[in-house]
Each structure stands twice: as C-alpha cells, then as structure tokens.
Amino acid sequence: MRRVPVWALKPGMIVEKPVYDLNGSLLLNRGLELKKDYIHHLKRMDVPFIYIEDNFIPDVKIEDVILDETRARAVNTVRNILEEAQRQPPGSNLGLVLEQRNFGEVVDEIVDQLIENPELMINMADIRSSDTYTFGHSVNVAVLALTTAIAQGGYSRKQLRQIGSGSLLHDLGKIKIPLEILNKRGPLTRDEFASVQKHPEDGHIIVSRQGILEGPAADIILQHHERNDGNGYPHNLKEEEISPLAKMVAIADIYDALTSDRPYRKGFPPHRALEIMETMGDILDNEMLQALLNHIAAYPVGTLVKLSTGEIGVVVKNRVGYPRHPRVRIVFSGENLEGVTPFEVDLIGREDRTVKRVFSEEEVIKLIPHVVPLLKGGLGRKE
Ligand SMILES: [Fe+2]
Ligand SMILES: [Fe+2]
C-alpha cells in the first residue's frame, strides 16, 4: 500500500483504502480500479491523497488505529450533529437527542478499539476533502486525545468517554462562522479573527442549552484554545485553571491542524509537525505531549527516507516509544541510486544510522519506478 497524492494518480491504479464522499457514503471501495472520471472527481472534491495498492512494500500492512468503518461512521455522526445543530430552531432539541444515541455508540467504539491496540503507532492520515475538513478533523482529534489518555493511564471509562465526546464536538461552534471566513486563503482581518475566536463559547452554549454534553466534556469545547501561559482564548486561563481534558484535546488539535492541508497552506509532514510542537514548550502540558508523541510515527510506514549513511530506504515499521527510530528497508546504497538487495535495519539504539531526510511527494513520484522493481519481491529477494 502506498499513499499517493491525487495529482499523481493514474487510471488503472487500485484503491486500497476506501474513500467516502461528503454524505459519508462509499465513493471508492477497496479493490476498485481507478478510472479517469474517478480521479477528476477526487480533484473536484479537493481530496489531497488516497491509499493505493501496489508492489511497493507488498508484504507490509499499514494499520490504522481504528477501523475504516468506525472512522467513517464517526465522521458521519459528527457531520449529522453539526448539520442538525445548524438547522435547529431555538428551543427544540429533538433531532439532537436522536443523534445522540448514535453518538455514544461511536465514542465507545473508538475507545474500545484504541484500548485493544495500545501497541499501534499512528501511521496513517485520514482521507478528507476541504469540505469535510471539520468532520474528519474532529474524529482525528478524538483519536489523538484518547491515545494520549490511554498512553498516560489512570483515566476511568467515564473520563475516556468525556474526552471522546468532547473532542468529537470541540469545534461545534464553527457552525456559526461564515464559510468564506472559515475557508479564506489570505490572512484574516481583525473582525474575522474575532469571529473565529468565538467558536469555543458558541459551541459550549449549544451543547449546554441542548443538553448534549455537560461537565468536563463541555469544558473541552470551551477551553480547547486556552494555553498554559494565559495567551489562549476565550478566557486567557492559565495552568491549573484549564481542565486537564481540555489540555489534552488542545495538543491533539494542534497536531492535527499542523498536518492537514488547509486552504492557506499545505500540511506539514509528521516529522516537521512533531518538531514544531516540541518547540512550543510550556504553553502545552509537557507530560501529555510526550505521551502523544511516543505514539505518532515521525516517519510513517511507506515514507521514503535517506539515512545518515547515505543509504535510501522505505520505512516498514514503527514502535511505540521510538517515534524517530523506524525500521527501514534499504534499497539504494546512496544518492546515485545504486540498487542493493533489500535488507532491513532497525534504527532503535543505532547511533551510526539515523534518518537524515524525508523525500518529498514530488521526489517520491520520480523515484517510485526505480524503487518498485527492487521491492516488489518483498524482503531480501534478488531481482
Ligand atoms: Fe477549535
Ligand atoms: Fe479544532
């Protein structure tokens, strides 16, 4: 399986990970052969990349921390609730109550799957278009925040549910922000920025009035943009004034926002996002940040990397606790692209081999035709 940017897709490629449309229905299923029309459609929807099946690392499975079906169901549930909340006449909450039933189940499903897979690293990005950004982002933030809580330990089932539900709805208040501001490419004016900064309070008002969430789960919505140094919003809270669950969601929120393509910039690759977050220092809770970073692969499976030795290879495995020390299958001995019989090195505890740089999407597309023949037989087999 390989993550391929939509601009580089070609007819005939086989879809490996299902793609869902705006309504949460299946657009491209696993195993489907891409046609020109489908690729056009993906471009129109502004989908940045999809996962395709190929002979790149045929024996390696890239596992997501939650099931595709669960992710799709969660995205769909968040979308329903946000749309319902937007339609609601004041004073009525019937639709929301109905949605809520589904909501609790989805939260439990995510919590269960994350508890069952504590050794899985976050290796994958979810597929989302700019239209579905907030929904996909919400699910990602839930997964990241819950991963942090489970890694830290000591949270009750009830608290995990609060983290899950609060993070799925953390940006609910954005339904009040005009779309042209939300999707603006240039810098925001002062007034526009003020309108964006109202979303924690707006979201909190909606969930409280409608009786959807309360207590610590509702606090997540209100406080997820507060920062330890008091420079956050809306209330410039500091340190202990901020609920721990909101601090956890804040970290998840920043990571997901950094790695996502936005109308005004391309997303950072994971290794860059991790570096940026580490320099944020004390405005975030350091223990929570470390707990999360231990579970995020700086170089996800399938990333093409150059090592300090000059060797070039592809990441095939990551281990919890060692985000920057993947297992790499070497294919070239150096930049001159001299192929070798593939062999693997584990970078954990190896001072002599470290990741020096990551190849960009553009470089990977150029290198792939040279790499696939070397890798398609799996490990250690000669051409
Ligand atoms: Fe937010
Ligand atoms: Fe957010």
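Trainee: Which residues in helix 10 meet helix 4?

Mentor: In this predicted model, helix 10 spans residues 244-259, and its axis lies 8 Å from that of helix 4. Helix 4 contributes His137, Asn140, Val141, Leu144, Ala145, Thr148 and Ala149 to the contact. Their counterparts in helix 10 are Met248, Val249, Ile251, Ala252, Asp253, Tyr255 and Asp256.

Trainee: How are helix 4 and helix 10 oriented to each other?

Mentor: The two helices pack at an angle of about 130°, and helix 4 passes helix 10 in a right-handed crossing. An angle counts as roughly antiparallel when it is over 145 degrees and as roughly perpendicular from 65 to 115 degrees. The angle of helix 4 and helix 10 therefore makes them oblique.

Trainee: How are helix 4 and helix 5 oriented to each other?

Mentor: Helix 4 (residues 133-152) and helix 5 (residues 157-168) have axes 8 Å apart, and their packing angle is about 155°. Their crossing is right-handed. Since an angle over 145 degrees counts as roughly antiparallel, helix 4 and helix 5 are therefore roughly antiparallel.

Trainee: Which residues of helix 5 make the contact with helix 4?

Mentor: On the side of helix 4, the contact is made by Ser138, Val139, Val141, Ala142, Ala145, Leu146 and Ala149. Ala145 and Ala149 are also among the residues of helix 4 that meet helix 10. From helix 5 come Leu160, Ile163, Gly164, Ser167 and Leu168.

Trainee: Which residues touch the most other members of the largest nonpolar core?

Mentor: This core holds 79 residues. It draws at least three residues from each of domain 2 (68-293) and domain 3 (304-375). The residues with the most contacts to other members are Ile110, Ala145, Leu146, Met248, Val249, Ile251 and Ala252.

Trainee: Which residues does Met248 touch, not counting residues up to four places away in sequence?

Mentor: Met248 is one of the residues of helix 10 that meet helix 4, and Ala145, Thr148 and Ala149 are among the residues on the helix 4 side. With residues up to four places away set aside, Met248 touches Ala145, Thr148, Ala149, Ile163 and Met288.

Trainee: How far apart do the C-alpha centres of domain 2 and domain 3 lie?

Mentor: The domain assignment gives domain 1 (2-53), domain 2 (68-293) and domain 3 (304-375). The contact of domain 2 with domain 3 takes 7 residues from domain 2 and 4 residues from domain 3. The separation of their C-alpha centres is 34 Å.

Trainee: Is Gly313 buried or exposed?

Mentor: Gly313 lies in strand 7 (residues 312-317). A residue is buried if 20 or more other C-beta atoms lie within 10 Å of its own. Because 26 other C-beta atoms are within 10 Å, Gly313 is buried.

Trainee: Is Val47 buried or exposed?

Mentor: Val47 is found in the loop between helix 1 and strand 5, and a second, separate core of 13 residues includes it together with Val19, Leu27 and Tyr51. Leaving aside neighbours within four places, Val47 is in contact with Val6, Val19, Leu42, Ile127 and Ser129. It has 24 C-beta neighbours inside 10 Å, so Val47 counts as buried.

Trainee: What is the phi of Asp46 near?

Mentor: Asp46 is found in the loop between helix 1 (36-44) and strand 5 (49-53). It is partly exposed, with 15 other C-beta atoms within 10 Å. Its phi is positive although the residue is not a glycine, with a value near 70°.

Trainee: Which peptide bond is cis, with omega near 5°?

Mentor: The loop to examine is the one between helix 9 (215-223) and helix 10, where Pro234 is found. Glu239 lies in that loop as well, with a positive phi of about 30°. The cis bond runs from Tyr233 to Pro234.

Trainee: How are helix 8 and helix 9 oriented to each other?

Mentor: Helix 8 (residues 199-209) packs with helix 9 at about 155°, their axes being 7 Å apart. Pro200, Glu201, Gly203, His204, Val207 and Ser208 in helix 8 meet Ala218, Ile221, Leu222 and Gln223 in helix 9. From the angle, helix 8 and helix 9 are therefore roughly antiparallel.

Key. Residues numbered from 1 in each chain as written. Chains lettered and ligands numbered in written order. Predicted model: local features only at pLDDT ≥ 70, side-chain atom pairs only at ≥ 80, totals over all residues. Core = buried A, V, L, I, M, F, W, Y, C linked by C-beta atoms within 7 Å. Buried ≥ 20, exposed ≤ 12 C-beta atoms within 10 Å, placed from the backbone. Domains from an automatic or database assignment. Contact = placed C-beta atoms within 7 Å. Axes fitted to C-alpha atoms, helices over the stretch in contact; angles between N-to-C directions. Helix = DSSP H or I, 4+ residues; strand = E, 2+ residues; numbered from the N terminus. Parallel < 35°, antiparallel > 145°, perpendicular 65-115°, else oblique. Left-handed = near helix turned anticlockwise from the far one by under 90°.
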